[in-house]
Amino acid sequence: MALKLFNTLTRTIEEFVPLDPAGRAVGMYCCGPTVYDLAHIGNFRTFIFADLVRRYLEFRGYAVRHVMNVTDVDDKIIARVRAAGVSLAEFTRRHEAAFLEDLDVLGCRRPHHLPRATEHIEPMLDLIRRLIAHGLAYQSADGSVYFSIQQYIARGHRYGQLVRIRLEDLRAGERIRSDEYAKETAADFALWKSRAPEDGDVFWPSPWGEGRPGWHIECSAMSRQLLGETFDLHLGGEDLAFPHHEDEIAQSEGAMDPAAPRRFVQYWLHGAHLLVEGQKMAKSLGNFFTLRDLVARGYSGREIRYLLLAAHYREPFNFTFEGLQGARAALARIDECIGKLRDRAASQNAEPDPALIDEFTRALDGDLNASAGWAAVFEWIRRQNRRLSEESISPVEAAAGLAAWDRIDSVLGIGARAAAEAPPEIQALLAERQAARKNRDFTRADALRTALKDQGWLIEDTPAGPKLKRK
Ligand SMILES: [Zn+2]
């Protein structure tokens, strides 16, 4: 069986074949955060999706090189820096650190490379020089450098690979300086923005005068430096497909040797957007949440990760507080079953049970169908619980189940809470109760059981001795 992915470039499900002739190394790039504020849960849906892709490729035996850029200079950042009266670096590093902490809370593996735009100005200048040399970029009267869509098309390239562009609307030489522009409006976009008074001291020297890079050139330059002219996977939220990703393709393919054109990215994967309580997230609607907002309401990173991983990445997902409650209940079911299997397995070791792994792999091989993957997990939990209650599961079988769960969880990344998680003072009360029972002081033993219950812990007497369980 092979991994199949929906490629936005071809609009079909294709078998994943890496460029590496040995079939092992995989280059993967995901557009990262613009570090001017805390990321919201819609952003994190995309980053958790990228983490799923990376973890699943690693599970499948690939050696992944995961790159995520950090956009630490752009229009919004410059405006905030001026308002805050601090330096660009001081401002952006603070937000970058908060972003990485949030990734950790959500159990995302950190990308291998987190290149900052401001530290890669030279590769960007190099790319712009190439585009000018190929006749694909020009300097306008204000000193900014623009990419020429018309010249790009005239040289046989295709603009509009990811989304259908109405090229009849293309007006020669119409220019857009802003990094974000309306859908499907093809216009020349800025590669280098000449220094403006509102930029303050945020500028770099260049062959075309002082200024700063456009947003799109960042990703083309940094992916090229870290993954090469052509690489396997490029990920991002669906809102980035146009113009950002389309412009990345134009810049990267335009900068290649015209005698040896290649496809910039083999597979483009786009995650669908997130609704909150059925609506588009907006501060004005009161449904705009950062990760920290949810943590402050008592939800864990693990619960939020579970919920954001529940649906297929190409389906829009409706995030609700009811869903978060459901996530809590689902995780409790997993924890309880894994805890019982641990008790049953005791110190046994075993090879992973292939049944769970096979079903899970079948689900994820089909364009990373995580919802089918979870269905396989819960079907397995149901079977384990039945056998546990029938006491028909041997320690070796329990150990094989646990080993399989560990493999699956290397992809899901939710872990399973250890059964004996009670704090020391609770453990001490339990020990006291055992001593009382041993001395046949049942009144005292019962009083201690009640004391534990009052503190939220139940005692379950099992053949292997008493176990503590959260009420
Ligand atoms: Zn990007």
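Let me begin with A346, which is exposed, having 10 other C-beta atoms within 10 Å, and please keep in mind throughout that what we are looking at is a predicted model. A346 sits in the loop between α10, residues 321–345, and α11, residues 354–365, and although A346 is not a glycine, its phi is positive, at about 50°. I point this out because most residues other than glycine have a negative phi.

E277 belongs to the loop between β12 and β13, and with 14 C-beta neighbours inside 10 Å it counts as partly exposed.

Strand β12, residues 274–276, runs parallel to β14 and is joined to it by three bridges; V276, for its part, has F319 in β14 as its bridge partner.

Turning to helix α7, residues 241–255, we find P243 there, and the peptide bond that joins F242 to P243 is cis, with omega about 0°.

Finally, is V35 buried or exposed? V35 is buried, with 27 other C-beta atoms within 10 Å, and it lies in the loop between β3, residues 25–30, and α1, residues 41–59. Beyond its neighbours within four places in sequence, V35 is in contact with residues including V70, D72, H95 and F99, while the C-alpha atoms of V35 and A98, 63 residues apart along the chain, are separated by 9.1 Å.

How values were computed
Residues are numbered from 1 along each chain as its sequence is written. This is a predicted model: local features need pLDDT of at least 70, side-chain atom pairs count only at pLDDT 80 or more; totals for chains, interfaces and linings use all residues. Helices (H or I, at least four residues) and strands (E, at least two) are DSSP runs, numbered from the N terminus. A residue is buried if 20 or more other C-beta atoms lie within 10 Å of its own, exposed if 12 or fewer, and partly exposed in between; C-beta atoms are placed from the backbone. Two residues are in contact if their C-beta atoms, placed from the backbone, lie within 7 Å. Two strands pair if DSSP finds at least two bridges between them.
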